[in-house]
Amino acid sequence: MNKSLIPSNSPYNVLQHNWPYVLDPSTEQPGSGTHMPIDTEFVRLQQEEIEILATGDRQVIRPTREGLARVSVLRASGSNEGLPFIDDYISISEPVVDYVTKYSGVSASDLDPGLSVHPLVPLKVAYKKLWLLLNLGCIFVGHGLTKDFRNINMFVPKSQMVDTVTLFYNPSRTKRNLSLRFLAWYLLKENIQSETHDSIEDAFTALKLWRKYQEFENAGVLEKMIDEIYTTGRKLNYKVPEKGSDKWVAGLTVNKGRDTPDIDSGVSGPTTPVGKKHGWSEYFESPSK
């Protein structure tokens, strides 16, 4: 990521918008096979209602319903790698019962037309942008994409998704999926989501994890690394230790937040590959800031 393009007070400050939102059609042309890091955030429009049966079992009378609140899509390569060309906050017409700010990073003021510092866009507009990328043949990179696209009500074939939940999943070990936060701490030595979530940060983290996966795979140590991740995860109950604690320091020392790990043969991993550019005749622009 080109840090010079990001406001100095925060690497992911979407309030100042000092980065290039518009894709350069001469150098940043998405098309078939172009990878697009993406993350979405949702708010709750309807709480789950349950009934306790005479048997003591729980029966869901009305399921939780969520609404898209923010979507960020980033560049995956080039001098502006990691910077968004889509970062849309969604105007929601129906009442929000819970902003789940700790997990969404979205507050009530973010979606209030009278208070928000973000330009709000209709869901239909945000949806059409994603639909266009999908039909151009772009490949979305993210964490938990299957669930996200189901919530958006958009069908994306597996061939156009790189989901880091699936990449680092080992069903022979446990049915548990590894969280983005845990993977970032273990493999990248990064402390994300410590206070709240940010869709730009999460999308960029997923991109880096995918590249780490490629390094492990090319070096022939993928299975070994996934086993190590789950071994450490079980010891820590799959939770990131408190920063600065003995477990935090020990984890970063043993873990292997190094580059592709040393293996018995002495083979080291290749340099993380840079994605290729593909042709495209249009480009996106977020609403005027």
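What is the mean pLDDT of the chain, and what share of its residues reach 70 or more? The mean is 80, and 77% of the residues reach 70 or more, where pLDDT is the predictor's confidence in each residue, from 0 to 100.

This is a predicted model, in which local features need pLDDT of at least 70, side-chain atom pairs count only at pLDDT 80 or more, and totals for chains, interfaces and linings use all residues. Residues are numbered from 1 along each chain as its sequence is written, and side-chain values use heavy atoms, with hydrogens and water left out.

**View 1. Confidence along the chain.** Confidence is highest in strand S7 (residues 139-142), at a mean of 98, and lowest in helix H8 (residues 246-256), at 54. Helices (H or I, at least four residues) and strands (E, at least two) are DSSP runs, numbered from the N terminus. Over residues 1-18 the pLDDT is below 50.

**View 2. The largest nonpolar core.** Such a core is a set of buried (under 20% relative accessible area, 1.4 Å probe, protein chains only) Ala, Val, Leu, Ile, Met, Phe, Trp, Tyr and Cys residues joined through side-chain atoms within 4.5 Å. Of its 35 residues, Phe168, Leu178, Phe182, Leu187 and Ile229 touch the most other members. Helix H6 (199-219) gives the largest share, nine residues.

**View 3. Surroundings of Ile229.** Not counting residues up to four places away in sequence, Ile229 touches Phe168, Leu178, Phe182, Leu183, Tyr186 and Leu187; contact means heavy atoms within 4.5 Å.

Methods
Buried means under 20% relative accessible area, exposed over 50%, partly exposed in between (1.4 Å probe, protein chains only).
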